[in-house]
Amino acid sequence: MFGTQPILFVLIYCVSAILAKSFKISMVSSGNSNQPALFLHGESPVWDTETQSLYFVDVHRQNVHRLDYATGRLFTKHIGYGQVNVVSLVADSKRYLVAVRSALYLLDWDVPGDAALRLLTAVDLGLPDNVINDGKPDSQGRFWFGTKGPHIGNDVLPDQATFYSISQDSFISPRVHLRPITISNGLTWALNNSVFYYIDSPTQKIEAFDFDQENREISGRRTILDISMHGYEHAIPDGMTIDNRGHLWVAIMFGGSVLEIDPDKRMIVNGYNLPVSQVTSLCWGGPNLDELFVTTSQYRLSKPEPMAGAVFTIRGTGSRGLPSFQFRFDNADIY
C-alpha cells in the first residue's frame, strides 16, 4: 500500500529537565485541525540528505514511512510480512534495507506485493519469536544489527538474542559479535571510528567497545553510563545517535526523555523531557542536520497519553549531526 498525507508542524515550548535551557519541540501533525499524526510504535528514524526526507517505521502496523521535509507530505509503504523494526538507506541504490521479523530484505518502494522484497539473510534460526530489533551501517557500509528475544507478557525472555554484522561479501552468513543478549538496541560509532557504542536495553547501560574498523571486531567492553543511577530506575535506554561533538543522544523508553551524554566524561550533559513516556529512537536531520527527530510509541500503554506515537523534532539544542552511513551492496538494484 502506498499513500500520501499532508503534514503540518505544531510548536511546543519546553524546558530542559536538567539545565535551565530553552529549546523548541515541533510535532508532526495529521493536517486535521493540527492534531498530531500518531503511529502505533515509531522506530528506526534515518535522515536522507539527498532527498531531504525522514524515513522511519511503524513496527506493528508493518509500515515504512517517508516524510518529505520540503512539502510535509507523508508517504507510506506497507510490508505485510510481520514486524518491521528497521529501515536503512542503501548507497547508490533506489532500494532500501529493511528488517522484517528476523530477516533482512532489500525493498523496492514502488513495486507492489511480495515482489517488492528481496531476501538477503535470516538470523536466529530455530527461534521463531525472535525479531531483528535495531541496526545501522558503519562507515564502511557494513550493516550491524541485533535481535530481541520473545515476549512473555510485557517482559522479554532474557539471553535469547544475538548481535551480528554483515557485509556485501558475507551477507548470507552474518558474523556473531555478542551472545547472549536480551534486547539489542541503540548503536553508533565515535567520530574517529575507534569506539563502538552499544545498548542491550535491560542492562540499563550505555556501553563502549574498542572498534577495529579494518577487521570488523569489537573488544574491551565497558560501561559509559548506567541510567538507573540517574533517576531512571524503571526505564531503559533505547535508540541512540551521535552529534558532531562526539556526544551521545539516547532515547529513554518508559522515561519520557532524551539524554545527551558526554562519553569521555561519562556524564549526562543535558536532558529533554517529552510529553510521552515511551520514547523509542532518534536521529539528526533537517537541511543543516541540527534538528533531532524523535520517534515514540503508544503500544501497550497502561493509560492514555494524547501525544503518544507522535514524531517530535527538538530544535535549538546547539548540536548537529552528521550524514547517515549507508549500507553498501554494489548490485542492490539488480539483486
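In the predicted model, Asp68 is buried, with a relative accessible area of 13%. This residue belongs to strand 6, which covers residues 63-68. Leaving aside residues up to four places away in sequence, Asp68 touches Thr51, Gln52, Ser53, Arg73 and Phe75. A polar atom of the Asp68 side chain also lies 3.4 Å from the backbone nitrogen of Ala70. Arg66 is buried, as is Asp68.

Side chains of opposite charge can pair when their charged atoms come close. Across the whole structure, 11 salt bridges are found. One of them is formed by Arg222 and Asp210, whose closest N and O atoms are 3.0 Å apart. Arg222 lies in strand 21 (residues 217-226) and Asp210 in strand 20 (residues 205-212), so this pair ties together parts that are 12 residues apart in sequence. Arg222 counts as partly exposed at 25% relative accessibility, and Asp210 is likewise partly exposed, with a relative accessible area of 37%.

A further salt bridge is formed by Arg245 and Glu260, with 2.9 Å between the closest N and O atoms. The pair links distant parts of the chain, 15 residues apart: Arg245 is in the loop between strand 22 (236-242) and strand 23 (248-253), whereas Glu260 is in strand 24 (residues 257-262). At 46% relative accessibility, Arg245 counts as partly exposed. Glu260, by contrast, is buried, with a relative accessible area of 2%. Salt bridges that share partners also join Asp92, Arg328 and Asp330 into one network.

Four strands form an open sheet in the order 12-13-16-17, with antiparallel pairing. Strand 12 (131-137) and strand 17 (175-181) stand at the edges of this sheet; each has a single partner strand, so one side of each is left without a neighbour in the sheet. On average, and with direction ignored, neighbouring strands of the sheet are turned by 15° against each other. Within the sheet, strand 13 (residues 143-148) and strand 16 (residues 161-166) pair in the antiparallel sense over four bridges. Trp144 stands opposite Ser165 in strand 16.

Strand 17 also contains Pro180. The peptide bond that joins Arg179 and Pro180 is cis, with omega at about 0°. Most residues other than glycine have a negative phi, and most peptide bonds are trans.

Another antiparallel pair consists of strand 26 and strand 27 (residues 291-296), which are joined over six bridges. Strand 26 (residues 279-285) is mostly covered, as seven of its seven residues are buried. Ser281 has Thr295, in strand 27, as its bridge partner. Five residues stand between the strands of this hairpin, in which Gly286 takes a positive phi near 90°. Leu289 lies in the loop between strand 26 and strand 27. Although not a glycine, Leu289 has a positive phi of about 55°. Leu289 counts as buried, at 11% relative accessibility.

A positive phi of about 55° is also found at Arg266, which is not a glycine. Arg266 is located in the loop between strand 24 and strand 25 (267-273). With a relative accessible area of 44%, Arg266 is partly exposed, whereas Leu289 is buried.

Definitions and conventions: Residues numbered from 1 in each chain as written. Predicted model: local features only at pLDDT ≥ 70, side-chain atom pairs only at ≥ 80, totals over all residues. Heavy atoms only, no water. Pairing = 2+ DSSP bridges. Helix = DSSP H or I, 4+ residues; strand = E, 2+ residues; numbered from the N terminus. Axes fitted to C-alpha atoms, helices over the stretch in contact; angles between N-to-C directions. Buried < 20%, exposed > 50% of the residue type's maximum accessible area, 1.4 Å probe, protein only. Polar contact = N/O pair within 3.5 Å; in protein donor to acceptor, adjacent residues only side chain to side chain. Contact = heavy atoms within 4.5 Å. Salt bridge = Lys/Arg side-chain N within 4 Å of Asp/Glu carboxyl O.
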